[in-house]
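Subject: Handing over a structure, with notes

Dear colleague,

I am passing on a structure that you have not worked with before, and I would be grateful if you could read the notes below beside it.

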Amino acid sequence: MKSTRTALGVALLLALVSQLAAHSSDDLVYGYECRSGYCQKVELSEENYVKAISLPVCRLFCGSSIGTLWPKPTGTVRLDTLMRQVDISFIDFNFNGIARQQKLWRAVEDRFMNMLEAQIPDRKVLARGGYRMSVNINTPDEPTPARLTLDTDESYTLDIDTDASGHVLANITASNFFGARHGLETLAQLIVYDDIRREVQVTANATINDAPVYKWRGLLLDTSRNYYSVKSIKRTLEGMALVKLNTFHWHITDSHSFPLEVKKRPELHKLGAYSQRQVYTRRDVAEVVEYGRVRGIRVMPEFDAPAHVGEGWQHKNMTACFNAQPWKSLCVEPPCGQLDPTVNEMYDVLEDIYGTMFDQFNPDIFHMGGDEVSTSCWNSSQPIQQWMKKQGWGLETADFMRLWGHFQTEALGRVDKVANGTHTPIILWTSGLTEEPFIDEYLNPERYIIQIWTTGVDPKVKKILERGYKIIVSNYDALYLDCGGAGWVTDGNNWCSPYIGWQKVYDNSLKSIAGDYEHHVLGAEGAIWSEQIDEHTLDNRFWPRASALAERLWSNPAEGWRQAESRLLLHRQRLVDNGLGAEAMQPQWCLQNEHECPIDAYDAQV
């Protein structure tokens with residue numbers, strides 16, 4: 001887009017003149033001009049102030065048809081260059097056709113206004129005046145509370161227009177709450193604070209048609225290795241909403257701690273939590289689930305089994321290799337622990353755990369784990385060996401896989417029981433059970449979704465896809481965001497080092513991973529396993545790399561990360577404005593001097 005697009009209209013320029021007159025020269029030093037498709041920083045003077053605009057306004061229109069929108073829309077985008085000052089005290093919301101969801105929409109409205117407030121550095125210097133704005137939400141009246149599923153249509157249309165009196169009208173049309181909420185998120189990105197005029201401004205005219213490419217767009221957080229406060233989890237959900245991620249995968253328990261309150265089994269959290277102040281109560285879970293729903297996010301629980309259990313299961317005689325030493329031959333990290341599939345009473349405990357999760361989360365899809373089962377652990381238990389021999393089984397790998405299959409069948413029956421026979425789809429991690437020939441014997445592709453955590457080039461992925469399984473991609477070489485750092489059970493770096501840059505996350509093509517079977521890919525998740533991360537370092541591990549993932553999953557752009565870099569720099573600032581401690585990407589100078597930092601920028605011009 002050329003520099004002619006920086007002409008923002010007579011009304012805007014007159015406003016600039018009046019604002020310059022109202023402030024001292026110390027207040028206004030720099031502005032921006034669009035030159036050759038880039039926003040150029042300029043010192044303000046009497047000669048150039050008429051053309052100078054603020055950086056957020058300049059970046060909306062200069063050099064790109066999508067401005068600073070993140071993630072990149074997939075359909076038509078039309079943005080006019082004219083901006084209107086908005087009086088944020090006079091923004092009206094009209095929920096057309098919506099009767100039963102008023103409480104939900106009021107929470108969405110409050111959040112929207114908070115996002116606008118977050119852009120304003122100082123209310124005291126905010127210019128008075130501005131146009132009224134009406135936000136009209138057009139969706140069918142939904143008879144039941146909004147619930148995200150794989151069948152949910154998340155598309156939306158956003159139209160912004162201005163009537164003869166200057167009243168700004170924003171119309172969002174969608175088939176349900178989730179699509180409309182995404183439209184409102186996009187609208188918020190088209191409203192910026194102009195620090196030259198000290199105004200909140202909105203694009204005067206715009207049309208955007210948008211829909212996600214992938215249905216499953218998620219982040220995983222492990223809250224067992226280290227505990228995370230509800231406040232920090234909410235902060236993660238807020239970041240997800242800003243970039244239209246729709247699934248928070250809550251890996252809530254593991255062998256290290258059991259911080260979840262299970263009403264019928266209080267001993268689990270009493271024995272298993274790090275402290276009784278570090279327990280997710282029923283009230284906490286309800287708060288997180290509703291906080292996510294307001295932001296268009298399903299909160300999906302995982303109970304990882306039969307491995308990755310330990311603390312909380314003391315005194316039950318239902319586990320093998322519990323906190324066994326030396327641990328290295330029995331599990332991947334301390335403390336060890338696996339459920340004993342031969343103990344019938346153990347499945348009653350599982351049923352109560354599943355019952356709590358289905359009651360509180362109401363999941364449309366449930367994660368049963370299945371990660372890193374150690375046959376050596378089971379083989380170290382004499383009771384398990386004796387039970388297997390009574391069945392006429394041996395003690396070879398195939399026999400322990402048979403034991404695992406027995407567990408999965410019994411545990412799935414308990415899931416179906418608490419889910420009232422709804423046959424909720426089940427997710428399992430890639431593991432020994434998802435390899436040939438065991439996957440064919442024990443896992444029905446009509447029921448199971450496989451979450452891939454091996455590398456993106458692992459040939460096992462294609463073998464899973466060939467069998468008709470749908471998959472969710474979390475290849476550790478691009479989407480494990482805890483990689484990079486010191487080892488904690490050994491010297492050197494941690495097992496999946498080096499640190500994964502946002503560029504690799506952005507360019508992690510699911511089509512390249514799946515090949516001809518891309519239609520079986522539901523989407524992907526970025527993961528944080530919390531051995532070396534807690535709530536104090538959470539934000540800068542997820543953000544802005546999770547934003548890079550969000551654009552890959554929403555837009556699946558044909559271009560690589562380079563075309564997104566300058567937008568992501570500005571988007572990172574949006575994350576910070578909304579309370580997220582997102583990691584810095586470059587010196588702030590690069591944000592203010594677009595196209596001056598890439599190493600190949602000059603070569604591309606000559």
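In which loop is Glu372 found? Glu372 sits in the loop between β16 (366-369) and α9 (375-379), where helices (H or I, at least four residues) and strands (E, at least two) are DSSP runs numbered from the N terminus.

Before going further, please keep in mind that this is a predicted model, in which local features need pLDDT of at least 70 and side-chain atom pairs count only at pLDDT 80 or more, while totals for chains, interfaces and linings use all residues. Residues are numbered from 1 along each chain as its sequence is written, and side-chain values use heavy atoms, with hydrogens and water left out.

To return to Glu372, an unreviewed UniProt entry places the feature "active site" there, although such annotations, given in the numbering used here and with shortened feature names, may be inferred rather than shown by experiment. Glu372 counts as partly exposed because its relative accessibility is 30%, and partly exposed lies between buried (under 20% relative accessible area) and exposed (over 50%), with a 1.4 Å probe and protein chains only. Leaving aside neighbours within four places in sequence, Glu372 is in contact, meaning heavy atoms within 4.5 Å, with Ala307, His308, Val332, Gln338 and Trp453.

As for the whole protein, there are 21 helices and 20 strands, and the C-alpha trace spans about 90 × 55 × 45 Å along its principal axes. The radius of gyration of 27 Å agrees with a compact globule, because such a globule of 606 residues would have a value near 25 Å; the radius is taken over C-alpha atoms, and the globule rule is 2.2 Å times the number of residues to the power 0.38. Of the 606 residues, 59% count as buried, and among contacts between residues at least 6 apart in sequence, 74% join residues at least 24 apart.

Thr173 lies in strand β7 (residues 168-173) and is partly exposed, with a relative accessible area of 41%; beyond four places in sequence, Thr173 is in contact with Asn138, Tyr156 and Thr157.

Helix α18 (residues 545-555) is mostly covered, with 11 of its 11 residues buried, and Asn556, which follows α18, has a positive phi near 45°.

Some backbone details also deserve a look, given that most residues other than glycine have a negative phi and most peptide bonds are trans. A cis peptide bond with omega of about 10° joins Ala305 and Pro306, and the bond from Glu436 to Pro437 is likewise cis, with omega near -5°. Arg198 has a positive phi near 60° and is buried, with a relative accessible area of 9%, whereas Asn317, with a positive phi of about 55°, is exposed at 70%.

With best wishes
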